[in-house]
Amino acid sequence: MDTSHETTGDRHPSSRRRIPVAAVVALVLLACVAATIGVVSWIADDARSDLADQEMTCCWADGATPAWMSGRLGIRIPGEASDRRAGYKTGQRYDTGLLSFVLPSEEAERYTGRLIRKGTEMIGNSHPEEKGYRPAAAFGHLGLPEPETLVRGLRKISLCPDDLTTPEGTYLQRCVDLFTHEREAGTTRIYVRSTIEPSMKPPVSKAP
């Protein structure tokens with residue numbers, strides 16, 4: 001009896017089910033590569049997070065009070081200002097001074113009007129930074145949000161002391177970035193950031 005058809009039929013299903021060894025090896029290698037990339041990515045993210053935390057806490061000077069920073073920048077703090085905060089961070093190329101305080105919104109308008117040249121207006125923040133934005137010297141160190149991430153109620157301007165003859169501008173000692181944020185009706189927070197030459201060290205001890 002001729003059983004050639006039967007034998008051939010029995011062999012075909014087995015042949016179709018067989019997975020080539022090369023394909024198995026390729027799948028294993030791909031899985032290993034994916035796992036390695038995942039581990040490396042996790043380590044890199046963790047390292048970036050650690051560096052960001054170190055950057056946030058490193059090199060801030062002790063004793064940089066609002067009054068001291070006010071005198072250093074030439075930004076006078078109105079007597080009615082509340083919640084005054086300041087920080088001074090040393091760097092390899094530049095130092096950075098931060099100053100912030102809260103005023104009633106009407107007084108904040110009068111204050112900035114005495115500081116900014118007549119006919120010059122502060123602008124809104126039409127291109128805000130993302131929520132996780134952390135500059136080298138962050139207001140987050142003072143427990144405040146970064147003004148660059150705010151939109152509603154935020155206005156900003158850059159000022160330098162050169163020929164600034166306004167009533168408050170005559171006191172200005174450094175170029176500054178000035179932000180005002182009306183965080184709630186009737187209350188405005190003033191933010192000031194200034195980059196300072198490192199050769200002019202503050203008379204305070206550096207934090208570890």
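Trainee: Which residue is the bridge partner of Arg 85 in strand 2?

Mentor: That partner is Ser 100. Keep in mind that we are looking at a predicted model.

Trainee: What makes strand 1 and strand 2 count as a pair?

Mentor: Pairing asks for at least two bridges between the strands. Strand 1 and strand 2 are joined by six bridges and run antiparallel, so they pass the requirement of at least two. A hairpin of five residues leads from strand 1 to strand 2.

Trainee: How many bridges join strand 2 to strand 6?

Mentor: There are 10, and these strands also run antiparallel. One example is Phe 101, whose bridge partner in strand 6 is Ile 190. Strand 6 is joined to strand 5 as well, through six bridges in an antiparallel arrangement. There, Glu 184 stands opposite Thr 187 of strand 6.

Trainee: What is the order of the strands in the open sheet?

Mentor: The six strands follow the order 1-2-6-5-4-3, with antiparallel pairing.

Trainee: Why are strand 1 and strand 3 said to stand at the edges?

Mentor: Each of them has a single partner strand, so one side of each is left without a neighbour in the sheet.

Trainee: What does the whole chain look like as a list of elements?

Mentor: It comes to four helices and six strands.

Trainee: Why is Ser 70 called buried?

Mentor: Buried means under 20% relative accessible area. Ser 70 has 12%, so it counts as buried. Ser 70 sits in helix 3, and beyond its neighbours within four places in sequence it is in contact with Ile 75, Arg 76, Ile 77 and Leu 99.

Trainee: And Val 25, is that residue buried, exposed or partly exposed?

Mentor: Val 25 has a relative accessible area of 43%, so it is partly exposed. You will find Val 25 in helix 2, residues 21–57. Together with Val 21 and Leu 29, Val 25 makes a nonpolar surface patch of about 290 Å².

Trainee: How do you know that strand 2 is mostly covered?

Mentor: Nine of the 10 residues in strand 2 are buried. For the chain of 208 residues, the buried part is 35%.

Trainee: Which residues touch the most other members of the largest nonpolar core?

Mentor: They are Ile 75, Leu 99, Phe 101, Leu 159, Leu 178 and Val 192, in a core of 26 residues. The elements giving two or more residues to this core include helix 3, helix 4, strand 1 and strand 2. A second, separate core has 10 residues, among them Trp 60, Phe 139, Leu 150 and Tyr 191. In soluble globular proteins, nonpolar side chains tend to be buried together.

Trainee: What makes Arg 193 and Glu 146 a salt bridge?

Mentor: The rule wants a side-chain nitrogen of Lys or Arg within 4 Å of a carboxyl oxygen of Asp or Glu.

Trainee: Which other residue meets Arg 193 in a salt bridge?

Mentor: Glu 148 does, at 2.5 Å, N to O. Those two residues are 45 apart, linking the loop between strand 3 and strand 4 with strand 6. With 16% relative accessibility, Glu 148 counts as buried.

Trainee: How do you know that Arg 174 and Glu 197 pass the salt-bridge rule?

Mentor: Their distance is 3.7 Å, N to O, which is within 4 Å. Here the accessibility labels are worth checking. Arg 174 has 14% and counts as buried, whereas Glu 197, with 39%, is partly exposed. Elsewhere, salt bridges that share partners join Arg 76, Glu 107, Arg 110, Arg 114 and Glu 168 into one network.

Trainee: How many salt bridges does the rule give?

Mentor: The count comes to 10.

How values were computed: Residues numbered from 1 in each chain as written. Predicted model: local features only at pLDDT ≥ 70, side-chain atom pairs only at ≥ 80, totals over all residues. Heavy atoms only, no water. Core = buried A, V, L, I, M, F, W, Y, C linked by side-chain atoms within 4.5 Å. Buried < 20%, exposed > 50% of the residue type's maximum accessible area, 1.4 Å probe, protein only. Patch = residues over 30% accessible without salt bridge, like charges linked within 9 Å, V, L, I, M, F, W, Y side chains within 5 Å. Areas by Shrake-Rupley, 256 points an atom, 1.4 Å probe, with all protein chains shown as cover. Contact = heavy atoms within 4.5 Å.
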